[in-house]
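Biologist: Hi! Could you walk me through this one? I'd like to start with the helix packing.

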Amino acid sequence: MNNPFKLVWLKCIIVLLLIAGISGGLLAILNDVFYVSPEERTHRAIQKIYGEKKEYSVIIDVDGTDEDKKQPVIYEDMGRIDKIYYVDKTDDADKNFDMLFKTTGYFGYKNGTITLWVKVVCSENEQPTIDKIILESFDKQTLMSKLGNSFYEGFYDVTDNYYQAKDKKDEEKTYNPVSGATYSATAACNAVNCVIKFVKGE
Amino acid sequence: MKTDYKKIAVDGLITSNPTFKLVLGTCPTLALTTMAMNGIGMGLAVTFVLIFSNILISLLRKVIPNQVRIPAFVLIIATFVTIVRLLLDYAMPDLYDSLGLYLPLIVVNCIILARAESFASKHNVLASACDGLFTGLGFTVALTLMGAFREILGSGAIFGVKLWDFQIAFFSSSSGAFFTYAIFIAMFSLISGAVIDAKKRKAYGKINELKQENAVVFDNGGNE
């Protein structure tokens, strides 16, 4: 009988299995060591917006553990809101608070999407205003570098009007175009419009 | 055989530069060089994978049967790419986000597989580590230079710091990436060609000096 350790096919299988097994074990350990929880990801997004960690409470979080708050807000014609957080300003005497939205706009270039974090400042007697927008991610967009700060600053206003990137002569909507990246700008406008629609309660 | 580490370094950085000379790993080169920071990030990620996969492949080169060497190399490379992904997501989330899809695609980056197959599987651990380091640095420098060029012209900034409002949007686009790549390959060929010519001239000059000094008569078909 042949010595099994001299069979090439057996040696090949054993070597591959050994490499796969050791790699798998190592990755399992490292995955545990470098695990980033959904809460930590949210903290990171908040830190990007505020420059520091802030306490927040969840209104909607599709990645969260609370089943009651897992349902996203979907607007078929513009996009969806996957996360909404309430950020209390404990040091504010006027009882102002912020709402943070993770919103995704549809109908970008090649039907792709753009996901933004939108900070809305709310106060008791005034209309909510968009205060800051940060790009979270995008899909299929190729000219995102054209969507600079000046474009996002175009949304920093009262939330009574919707936005459009293509000039459709719609006076109901504020025109916020980007030359050469109209489809990407449309997806970004749709993402912001989702927030406005939610804030308006429509 | 004595290993020539200087040659390994010069090969990785210049004479066999993976980006400008061998034209390998073009996918991340074209897609990620919109910003210099992306170039550095991608380059260092590839360097990490190159060094450690080369070390491990060199260590296991006598154990891995020839018939399954490619699947084994891919398994090893994939392991280190996953480690880089975990590390970046944990420690540098901004860079992790900006590299996006191209980070897992390092697994199929032909630079890494080429070095594993052509160098690490035939040389000792130290030489393989050096080869990984210098090939990776060559790739990093190339991506950073292209990223800086495109960022300055396409966004009017460098490493995210705004320089001026003047921008040529073409350089941020895909076609701008190809154009930039062509410019850099042409410049690299021109400069390296000039350096090689200068070295040849210098060598010929020395030979001529020796000829004159020693009055050496070369065999030239019996004419001299």
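Modeller: Happy to. Helix H6 (residues 110-120) of chain B packs against H7(B) at an angle of about 150°, and their axes are 11 Å apart. That makes H6(B) roughly antiparallel to H7(B). Angles under 35 degrees count as roughly parallel, over 145 as roughly antiparallel, 65 to 115 as roughly perpendicular and the rest as oblique.

Biologist: Before we go on, what kind of model is it, and how is it numbered?

Modeller: This is a predicted model, where local features need pLDDT of at least 70, side-chain atom pairs count only at pLDDT 80 or more, and totals for chains, interfaces and linings use all residues. Residues are numbered from 1 along each chain as its sequence is written, while chains are lettered from A and ligands numbered from 1 in the order in which they are written.

Biologist: And what do you call a helix or an axis here?

Modeller: Helices (H or I, at least four residues) and strands (E, at least two) are DSSP runs numbered from the N terminus. Axes are lines fitted to C-alpha atoms, for helices over the stretch in contact, with angles from 0 to 180 degrees between N-to-C directions.

Biologist: Which residues of H6(B) and H7(B) meet?

Modeller: Ile111(B), Arg115(B), Phe119(B) and Ala120(B) in H6(B) meet Ser128(B), Asp131(B), Gly132(B), Thr135(B) and Phe139(B) in H7(B). Contact needs C-beta atoms, placed from the backbone, within 7 Å. By class, the contact of H6(B) with H7(B) has four nonpolar, three polar and two charged residues. Here Ala, Val, Leu, Ile, Met, Phe, Trp, Tyr, Cys and Pro count as nonpolar, Asp, Glu, Lys and Arg as charged, and the others, Gly among them, as polar.

Biologist: At what angle do H7(B) and H8(B) cross?

Modeller: The axes of H7 (residues 125-155) of chain B and H8 (residues 174-214) of chain B cross at roughly 125° and come within 10 Å. That makes H7(B) oblique to H8(B). On the H7(B) side, Leu145(B), Met146(B), Phe149(B), Arg150(B) and Gly154(B) meet Gly176(B), Thr180(B), Tyr181(B) and Phe184(B) in H8(B). Those residues divide into five nonpolar, three polar and one charged.

Biologist: Switching topic: how many residues of chain A touch chain B?

Modeller: In chain A, 21 residues are in contact with 25 residues of chain B. Helix H1 (residues 8-33) of chain A gives the most to that side of chain A, with twelve residues. The chain A side has twelve nonpolar, six polar and three charged residues.

Biologist: What about the strands E5(A) and E6(A)?

Modeller: E5 (residues 113-122) and E6 (residues 129-139) of chain A pair in the antiparallel sense over nine bridges; pairing needs at least two bridges found by DSSP. They form a hairpin with six residues between them. Leu116(A) stands opposite Leu135(A) in E6(A).

Biologist: Last one: what are the ipTM and pTM?

Modeller: The model scores ipTM 0.78 and pTM 0.76.

Conventions:
Contact = placed C-beta atoms within 7 Å.
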